[in-house]
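Here's a quick briefing to read alongside the model. Take a look at the structure first, then work through the points below.

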Amino acid sequence: MGDRNRVVHRRVAGWRALEPHREAMTLDTVFDMASLTKPLITAPCVMRLIETGEISLETKIATIFPDFAANQKGDITIGLLLTHYSGLPPDLPLDQNWSGRAEAFARACASPLAAEPSTRFIYSDINYLMLGFIVEKLTGESLDIYARALILNPLSMSKSGFHPQLDRRPSIAPTQYDETGVMLRGVVHDPTARRMNGVAGHAGLFSCAEDLVRYITALLDRRSGRDSSFPLTQETVLAMTRPAQPARQRELRGLGWDIDTHYSTLRGERFPKNSFGHTGFTGPSLWVSPDTESYVLILTNRVHPRGGTSLVALRRLISTQTALALGIG
């Protein structure tokens, strides 16, 4: 828990692993961040390219990747991908045996629409998969390399990144058994990202509490206009954390961050409506109140060892109690 942009409470409980052997949870445990990769890594990389003028929120994806125009996707823009209003379906089909980044790109470009662009909020991994490819196309570097130079190194997030080194795996929380019965540990849980060798715009980041606090602190410092090593301008950070969805749409999304959608139950009962955050399928979540510079960061291993259970009610309760303890709302 953070308040006035400083940590005011830490709590470690439970087990880092249950199988094949029990391991106690520790404060330095590294977690598979799953979809928190989207707002923490991919969105800032894209916004940096907007700052430098290489693209804009109105840039059509088909002007960068002409093949993406297939199946009436020619008018989808960067902004629609960032806010999940592109109309793309939730994910690439996984019922066929495919692998490789080139194949993932081809399948994303060929994907049909599930709704007309700008008309419906559909949370889609394909949106951020494509944003990751855009970053790589325009920078000439892989997403993991560019993100390390732009974000992780400047913020001294030394325990975070894609593809954790083998010698760090003992401190990583294992997720669940893969399709062949092997426990995933230090290997991305998301099946699409795994087929892409662990680096994708929608998933693949590993991180820990210490590094994430550095990130949150730097983001809030920059947002408030204080000195910060966060790699974007105050104007950009404000834009990312305010509603940016198409006009007349009621599910509110920032440029990367969730604000007020049917996924926003993590807010609890007292975090204000201008707060923002995100969750990850494997169990991590973050919610931030910018007015009081307060936040609740919950790192769990909910999919271990065989798929886990819902944490919606628990996250909501923790956020509500956090807000009560900090006098929010």
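Aspartate 125 sits in helix H5. Bear in mind that this is a predicted model.

- Is aspartate 125 buried or exposed? Its relative accessibility is 12%, so aspartate 125 counts as buried, the cut-off for that class being under 20%.
- Leaving out residues up to four places away in sequence, aspartate 125 touches Ser35, Lys38, Pro90, Asp91, Asp190 and His202.

**How H1 and H5 pack**

- Helix H1 covers residues 37-51 and helix H5 covers residues 125-139; the two pack with their axes 10 Å apart, at an angle of about 45°.
- That angle makes H1 oblique to H5.
- As for handedness, H1 crosses H5 in a left-handed way.
- On the H1 side, the contact is made by Lys38, Thr42, Ala43, Cys45, Val46 and Leu49.
- Sorted by class, the contact between H1 and H5 has 8 nonpolar residues, 3 polar ones and 2 charged ones.

**Helix H8**

- H8 runs over residues 209-223.
- How many of the 15 residues of H8 are buried? The count is 12, so H8 is largely enclosed by the rest of the structure.
- The buried residues are Ala209, Asp211, Leu212, Val213, Tyr215, Ile216, Ala218, Leu219, Leu220, Asp221, Arg222 and Arg223. Charged side chains are on that list too, with Asp211, Asp221, Arg222 and Arg223 among them.
- Just after H8 comes glycine 225, which takes a positive phi of about 85°.

**Aspartate 260**

- Aspartate 260 has its place in strand S8, which is made of residues 258-260.
- Its relative accessibility is 24%, so aspartate 260 counts as partly exposed.
- Setting aside neighbours within four places in sequence, aspartate 260 is in contact with Arg250, Glu251, Leu252, Arg267 and Lys273.
- What separates aspartate 260 from proline 117? They are 143 residues apart in sequence and 20 Å apart in space, going C-alpha to C-alpha.

How values were computed: Residues are numbered from 1 along each chain as its sequence is written. This is a predicted model: local features need pLDDT of at least 70, side-chain atom pairs count only at pLDDT 80 or more; totals for chains, interfaces and linings use all residues. Side-chain values use heavy atoms; hydrogens and water are left out. Axes are lines fitted to C-alpha atoms, for helices over the stretch in contact, and angles run from 0 to 180 degrees between N-to-C directions. Helices (H or I, at least four residues) and strands (E, at least two) are DSSP runs, numbered from the N terminus. Angles under 35 degrees count as roughly parallel, over 145 as roughly antiparallel, 65 to 115 as roughly perpendicular and the rest as oblique. A crossing is left-handed if the near helix is turned anticlockwise from the far one by less than a right angle, and right-handed if clockwise. Contact means heavy atoms within 4.5 Å. The expected span of a helix is 1.5 Å times one less than its number of residues. Buried means under 20% relative accessible area, exposed over 50%, partly exposed in between (1.4 Å probe, protein chains only).
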